[in-house]
Structure formats: C-alpha cells, structure tokens
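Subject: Handover of a structure

Dear colleague,

Please find below the structure that I am passing on to you. I would ask you to keep it open while you read the notes that come after it.

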Amino acid sequence: MPAEHPGPAGPAGAAESVHELRGGWEPLVREWARRRGEPVASEDGALYLETTVGGPAGPRLTVDISPAAGSLVVAVTDGTLVPVDRLAPTAAAATAWNSREVTPTAILGDEHSEEPLLSAVLALPLAAHLSADGFAATLDRLLDSAVRLLRECHDLGFVLRSTDDLTSWE
C-alpha cells in the first residue's frame, strides 16, 4: 500500500493526500493523464502516453515514465530520430542545454533504433512525496521545458549542419 500523508489544506480547507513516489507513482501518473484527457498505456513496468503541449496546434509528445535505480524517470520526446549527419551538432546542442539549464537533461539514445532519439529527461527520487496537484504541476513544467529543449537542440542541429559549414572532399 502506498504511503499517504495529509498535505497542505486546499482552497476548501480539505487536506490533499501526499503520496510517496516509491509506491504511489502509478496512480499519480494516471491522474495526471486523466486531467490532460489522455489514455495511459503500460509496458514492462513503465507507463506512457502521448499528449499535446500548448493547445491543439502544439507539438505531440510521448511521455515515458518508469522507476529505475531509486528514481522515477520521466522521458519526453517528439519521436524524431537524429540521423548520423546531424548527430554531432545535435549532441553539441544537447551538451550546451545541459550546461545551461541542468534540468530536464537532454539525452541522445534509443535502445530500439540504430539512430538516437533526442529526449528531455527528469529523474525524481522515489523517496519524494508529492500530492496529485504537485505531481501534475511538476510534469506540466517538464513538458513546457521539453518543448524548448527539443526545439532548440533540433534547430541547432540543423543550423550547425548547414552546407556552408561542410567541407567538400571531391
């Protein structure tokens, strides 16, 4: 049974339940997805969903949430694989993001593909305690940051790869 503690009083004066992520992350993810109007799927101990950020015209992102090594790992991607000719500049953009923003972390990799996938990753300690509102606010902020990370790294990956910067070996 997940640990539950009374949280701060809400607007009506009722205390909101606070859950330890170790045993209560799945209901928190399902509640967050319900609030966003998105179905949740599960596979190999992970929950994932697709959601739109910034209104109906915003980007559609995939959110993968799973426990690993004492953390709840939340990975967000737009599903774009990085081709070999854009790998170095995209990695440079990801490194620049990581040194400037710290969180979420830009990660390049995908165990299901030969081409890496660019993702925005946040790790929350499983020992953390969050209310449903706190968890939702954390993931909503993550989505906003992920959009910026993905756009910046993809855009810079294209800019740095422009044909003006490439040497022709003919």
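The model is a predicted one, in which local features need pLDDT of at least 70 and side-chain atom pairs count only at pLDDT 80 or more, while totals for chains, interfaces and linings use all residues. Residues are numbered from 1 along each chain as its sequence is written, and side-chain values use heavy atoms, with hydrogens and water left out.

Overall build

The protein contains three helices and nine strands. Both kinds of element are DSSP runs numbered from the N terminus, a helix (H or I) having at least four residues and a strand (E) at least two. Along the sequence their order is β-β-α-β-β-β-β-α-β-β-β-α. Of the 170 residues, 36% are buried; buried means under 20% relative accessible area, exposed means over 50%, and partly exposed lies in between (1.4 Å probe, protein chains only). Among contacts (heavy atoms within 4.5 Å) with a separation of 6 or more, 54% are between residues 24 or more positions apart.

The largest pocket

Rolling a probe the size of a water molecule over the atoms shows where empty space is left. Here the search ran on a 1 Å grid over the protein atoms alone; a pocket is an open set of points where a 1.4 Å probe fits, with protein on both sides within 12 Å along at least five of seven lines, and its lining residues have an atom within 4 Å of a point. The largest pocket has a volume of about 670 Å³, where volume is the space filled by probe spheres set on the points, which are joined across faces, edges and corners.

Which residues lie nearest the centre of this pocket? They are Asp-64, Asp-110, Glu-111, His-112 and Leu-117, out of 20 lining residues. Strands E4 (46–52), E5 (60–68), E6 (71–77) and E8 (118–125) each give two or more residues to the lining, and E5 provides the largest share, with four. By class, the lining has eight nonpolar, seven polar and five charged residues. In this scheme Ala, Val, Leu, Ile, Met, Phe, Trp, Tyr, Cys and Pro are nonpolar, Asp, Glu, Lys and Arg are charged, and the others, Gly among them, are polar.

Salt bridges

A salt bridge is a side-chain nitrogen of Lys or Arg within 4 Å of a carboxyl oxygen of Asp or Glu. By this rule there are 10 of them. In one, Arg-35 meets Asp-133 with N and O 2.8 Å apart. This pair joins helix H1 (residues 21–36), which holds Arg-35, to helix H3 (residues 132–159), which holds Asp-133, across 98 residues of sequence. Arg-35 is partly exposed at 39%, and Asp-133 is partly exposed at 41%. Both belong to a network of salt bridges that also includes Glu-31 and Arg-34.

Another salt bridge pairs Asp-140 with Arg-36 at 3.0 Å. It also links distant parts of the chain, with Asp-140 in H3 and Arg-36 in H1, 104 residues apart. Asp-140 has 28% relative accessibility, so it counts as partly exposed; Arg-36, at 26%, is partly exposed.

Single residues

Is Thr-77 buried or exposed? Thr-77, in strand E6, counts as buried because its relative accessibility is 9%. A polar atom of its side chain lies 2.8 Å from the backbone oxygen of Leu-118. Leaving out residues up to four places away in sequence, Thr-77 touches Leu-61, Thr-62, Leu-117, Leu-118, Ser-119 and Leu-150.

Ser-42, by contrast, is exposed at 52% and sits in strand E3 (residues 41–43). Beyond its neighbours within four places in sequence, Ser-42 contacts Leu-47 and Tyr-48.

Some backbone details deserve a look as well. The peptide bond from Thr-103 to Pro-104 is cis, with omega near 0°, and Pro-104 is in the loop between helix H2 (84–101) and strand E7 (105–108). Asp-44 is not a glycine, yet has a positive phi of about 50°; it is in the loop between E3 and E4 and is exposed at 78%. Ala-69, also not a glycine, has a positive phi of about 50°; Ala-69 lies in the loop between E5 and E6 and is exposed at 85%.

Yours sincerely,
A colleague

Methods. Polar contact = N/O pair within 3.5 Å; in protein donor to acceptor, adjacent residues only side chain to side chain.
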